[in-house]
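Subject: Structure handover

Hello,

Here is the structure for your files. Please open it alongside this note.

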Amino acid sequence: MRDTLLIALYAFAGAAAAGLAGAGVLRLIRRRSLTASLAVVAAVAVLAMLAGTLAVAWAMFLSPHDLTVVTTVVAMAAVVSLATALLLGRWVVARSRELAEAARSFGDGGDYAAPTTPATAELDALSRELAATSARLAESRARERALESSRRELVAWISHDLRTPLAGLRAMSEALEDGVAADPDRYLRQIRTEVERLNDMVGDLFELSRIHAGTLSLAPARISLYDLVGDALAGADPLAREHGVRLVGDAVAAVPVEVDGKEMSRVLGNLLVNAIRRTPADGTVAVAAERSREGVVVSVTDGCGGIPEEDLPRVFDTGWRGSHARTPPAGAGLGLAIVRGIVEAHRGRATVRNIPGGCRFEVLLPPAET
């Protein structure tokens, strides 16, 4: 038993010396190729066995013949181990280079194409992560392009919508200044109307900028949806009468919601104004509210005749106003974008779908906590 312990001790001492030397070499070449590191690991394994064997042989006073035999066996094992390590290292390095080339392709703005050559489990997992990252980058680029296109359209439409009232204001102010206005009071009323229109437009831009900047401040409070919809209907009634549209709000349940009353009133007001302007005279705009499995659903149904299917995904985009035939005389296409921003700030969702004769806008809000 004592001899066995001594053999183990001498073998461990020799192997430990080889291992420490190998660790030092690995530290020195840590920035070199993986092939070199694998070769060092294989060499350390063989040298550790050789050092342990030599230490035991020296302690046990083996004959020169036996020591030569042991050394020869270890040397052959070293040759095979080093050759295997070099082959493995070159194969892993080749797969790594293929992966780097594939990663460089989507880093330059292209799509990631995973290497077809089989690789190790770790490299294969890295390839899958790169593929997922490439897909997310492609989605991000698509959203960025869509947002940039939307911004360009918004700037063009805002410029057009501002130019028209400003030109009218300048013409009316010049007429008043020169004393050639036949009815100064009518000119003053028209100037006030145009100023209010410009003020509403600037207010929408400011609201949208707060939403996009993430600085929209909410003050949630428990409110009855029946009262909220009733106030919105009362506010939209004059515009509905002007356009000859009938407002209906009979299917509104007295459901409690926890929302910012001011911001949610703006949501309902924008939806109602949008529906009234796009509904022909003698048409009907209906508002409904009910509980659902996901929360509380508020819907506004109009008689606009429907939205083209290709335009449905863009309805809530900034600046979208539909085709020219359906474009209202006022507004810069910000109302529905503001609706989506406010609803999402309440952890809700705004959607739209076509129905026979028109379309239905739905706002899903989380239920009030009991």
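Predicted model: local features only at pLDDT ≥ 70, side-chain atom pairs only at ≥ 80, totals over all residues.

Residues are numbered from 1 along each chain as its sequence is written, and side-chain values use heavy atoms, with hydrogens and water left out.

The sheet

An open sheet is built from 5 strands in the order β2-β4-β5-β7-β6, with mixed pairing. β2 (246-252) and β6 (349-355) are the edge strands; each has a single partner, so one side of each lacks a neighbour in the sheet. Neighbouring strands are turned by 15 degrees against each other on average, direction ignored. Strands here are DSSP runs (E, at least two residues), and helices are runs of H or I with at least four residues, both numbered from the N terminus. Two strands pair if DSSP finds at least two bridges between them. As background, strands of a sheet pair through backbone hydrogen bonds, either parallel or antiparallel.

Around β7

β7 covers residues 358-365 and pairs with β6 in the antiparallel sense over 7 bridges. Across that pairing, A350 stands opposite V363, and T351 stands opposite E362. The β6-β7 hairpin has 2 residues between the strands, and G357 takes a positive phi near 90 degrees there. β5 also pairs with β7 in the antiparallel sense, over 6 bridges. V297 has L364 in β7 as its bridge partner. Of the 8 residues in β7, 6 are buried. Buried means under 20% relative accessible area, exposed over 50%, and partly exposed in between (1.4 Å probe, protein chains only).

Helices on the sheet

Helix α6 (residues 225-243) lies across β2, β4 (284-291) and β5 (296-301), and runs at about 170 degrees to β2. Helix α8 (residues 335-345) packs on the sheet and touches β6 and β7, at about 135 degrees to the direction of β6. Contact means heavy atoms within 4.5 Å. Axes are lines fitted to C-alpha atoms, for helices over the stretch in contact, and angles run from 0 to 180 degrees between N-to-C directions.

One residue to look at

E194 sits in helix α5 (residues 184-213). Is E194 buried or exposed? E194 is buried, at 13% relative accessible area. Leaving out residues up to four places away in sequence, E194 touches P165, L169 and M172.

Best wishes
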